Amino acid sequence: MLIRFKLLLYFFTLILFPIVMLGVLGNIIYSHSMEEQTNLHTAQMIEQVTRNVEFYIHDMENIVYYLSNESLVIEFLRLYNSADNREVIQDQVKELLKNYTAIHPEIAGIMIVNYHDMDISNEMHRLARDPLTEEMWYKRAVSSPKELQLNSKPLGRNIKTNQNYRADEVVSVAKAVVDPASGKYIGVILIDLKLTAIEKVLEDITLGKTGFLYIMDDNGNIVYAPVNSVVYRVKNEWLNEPAGSIVKSIQSNSYQIIYKNSKYTNWKTIGVFSLNETLQEVVSIRHYSMLIGIFTLVLAVIAAFFFTSSITKPLNKLRRLMKRAEEGDWSVRFNSKYHDEIGQLGYSFNNMIQEISNLIDMVYLEQQRKREAELKTLQAQIKPHFLYNTLDTIHWMAQERGAQDIVDIVAALANLFRIGLSKGKEMITVREELEHVKSYLLIQKARYEDKLDYEIHFDDNVLGYSVLKLILQPLVENAIYHGIHARRGNGKITITAQLRDNKLYFCVADNGVGITLEKMKEIEALLYSNKVEALSTSFGIFNVNERIRLSFGAEFGLKFTSTYGVGTKVEVWNPLI
């Protein structure tokens, strides 16, 4: 009864304490964690949107810079209305502008205005005869020549466009141009950027179910915002700081407002999402946690009464057997009528004792085999050296007798052995692996002559990566003996090595007889099993696939595709090492 009482007390305490802690502190921590994760996610989205918008604006500034350094543009900006070559220069500049708008579809139009009030554009023209040099955008650009001028809604301009877009559909970008000869500012380049470019950045971003992002310029005007009734209720005076996070009540709901100012554009990217929506899940989890906790506690206390009586007796028996095992008696076994956890523990104890006994015997045998293997290894070390010397002698004798075909075959065979041994290394470079399979194909080419052709294609940037050695040669051998050999007429093997999907990709393709559907199913079953006896003719591909999967994981290995009568393709996927 004493042990049973202790177990009941322990069960009750251990169950009650975590339930209370998880029910109270867990929900508080989870609530704060949800808020922090949501805020972090929103801040990351804001940062990403800010960078994307800055990219588009910076791209426009680069275009202004390139145009400012074009000799044709400089020549136009220096023109007078009475210049003789005015029309020729204008046509050349229009063609230049046409190239930029063709490359950048996000540009609605480009206009260049010089200080003599001459303008040129393919998409925009004056609405009235009033001088463009008196326009506000022109004056702002000239008064602050080193700064890029942004106007989110270019209303009231003396400009009409061929595309008939509204002022709220573009962002205007303007900057003054300096004469490289005189150092004076001789005009302004104006670019209208379509808001669809910014819309693409924001349209796929959501903050929960109803949250959203929008952009506001330095004057407090909305550059772009999704259709939402909340956005127009966010007051500008809430967003005075360069960056921040505030909570405001809008339409009887609490909203988290996170914003950040861009140092480049001076625009604010603002994220708005409902706190009630975010915390709704936390409230539901809290209620479910309380119900589950109470139900679990009741069941645990009831079950504890039944468990304790069946634990104490077999535990004492098991403890005595363990004591005998500690003293070196490996013949002990636990026999129990129970099939609960104690019975399973006794069964595991029996297995452990049996395994330990087997391991002792196995270690003894392994030590004997290890000594035998070491002796065989020492005896075999002389063989590669003798083989190289023999091949070198044959190579020299063939050269002396002018037998160039024998020279090539012996050189290929020596290279095949050299890379295959690789000084005992398991990993070699892609360059060595391709060199190895090329040597193998050279030997097979000498055997099959015109019946076999091959091509090896590779990208130079893959040669320095490392792979398990001898993964291509078995596949090529399989293609020759089961594809090309059985084909009537000439056959061809194509090997490809390249980077694909951030992985190292090889492909061995042949135009042999192909593989039947039944055989393909048999091969696929083999590649994902641990038994090779069922298909002994495919031991090579099984070995290659198993080595890759055991070394790097199940996502890598071989993939077969074949059409009977057409040919077979084997894809080999490796990690980048």
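Two residues count as being in contact when their heavy atoms lie within 4.5 Å. Keep that in mind as we walk through this predicted model, in which local features need pLDDT of at least 70, side-chain atom pairs count only at pLDDT 80 or more, and totals for chains, interfaces and linings use all residues. Residues are numbered from 1 along each chain as its sequence is written, and side-chain values use heavy atoms, with hydrogens and water left out.

Let's start with N114, found in strand β1, residues 107–114. Helices (H or I, at least four residues) and strands (E, at least two) are DSSP runs, numbered from the N terminus. Beyond residues up to four places away in sequence, N114 touches F76, L77, L79, T133, Y138, I186 and G187. Is N114 buried or exposed? With a relative accessible area of 0%, N114 is buried; the word buried means under 20%, exposed means over 50%, and partly exposed lies in between, using a 1.4 Å probe and protein chains only. The N114 side chain also reaches two backbone atoms: the oxygen of L79 at 3.2 Å and the nitrogen of M118 at 2.7 Å.

F76, one of the residues that N114 touches, brings us to the largest nonpolar core, which has 47 residues. Such a core is a set of buried Ala, Val, Leu, Ile, Met, Phe, Trp, Tyr and Cys residues joined through side-chain atoms within 4.5 Å. The residues with the most contacts inside this largest core are L67, F76, I112, I191, I198 and W267. Its largest share, eight residues, comes from α1. Leaving aside neighbours within four places in sequence, L67 is in contact with V73, L96, L97, Y100, I110 and I189.

L16 counts as partly exposed because its relative accessibility is 31%. Together with F12, F17, V20, M21, V24, L25, I28 and I29, L16 makes a nonpolar surface patch of about 800 Å².

Our last stop is I515, in the loop between β17 (503–510) and α12 (517–527). I515 counts as buried because its relative accessible area is 16%. Which residues is I515 in contact with, leaving aside its neighbours within four places in sequence? They are M520, I523, F560, S562, Y564 and T568. I515 and G567 are 52 residues apart in sequence, and their C-alpha atoms are 7.6 Å apart in space.

Methods: Patch = residues over 30% accessible without salt bridge, like charges linked within 9 Å, V, L, I, M, F, W, Y side chains within 5 Å. Areas by Shrake-Rupley, 256 points an atom, 1.4 Å probe, with all protein chains shown as cover. Salt bridge = Lys/Arg side-chain N within 4 Å of Asp/Glu carboxyl O. Polar contact = N/O pair within 3.5 Å; in protein donor to acceptor, adjacent residues only side chain to side chain.
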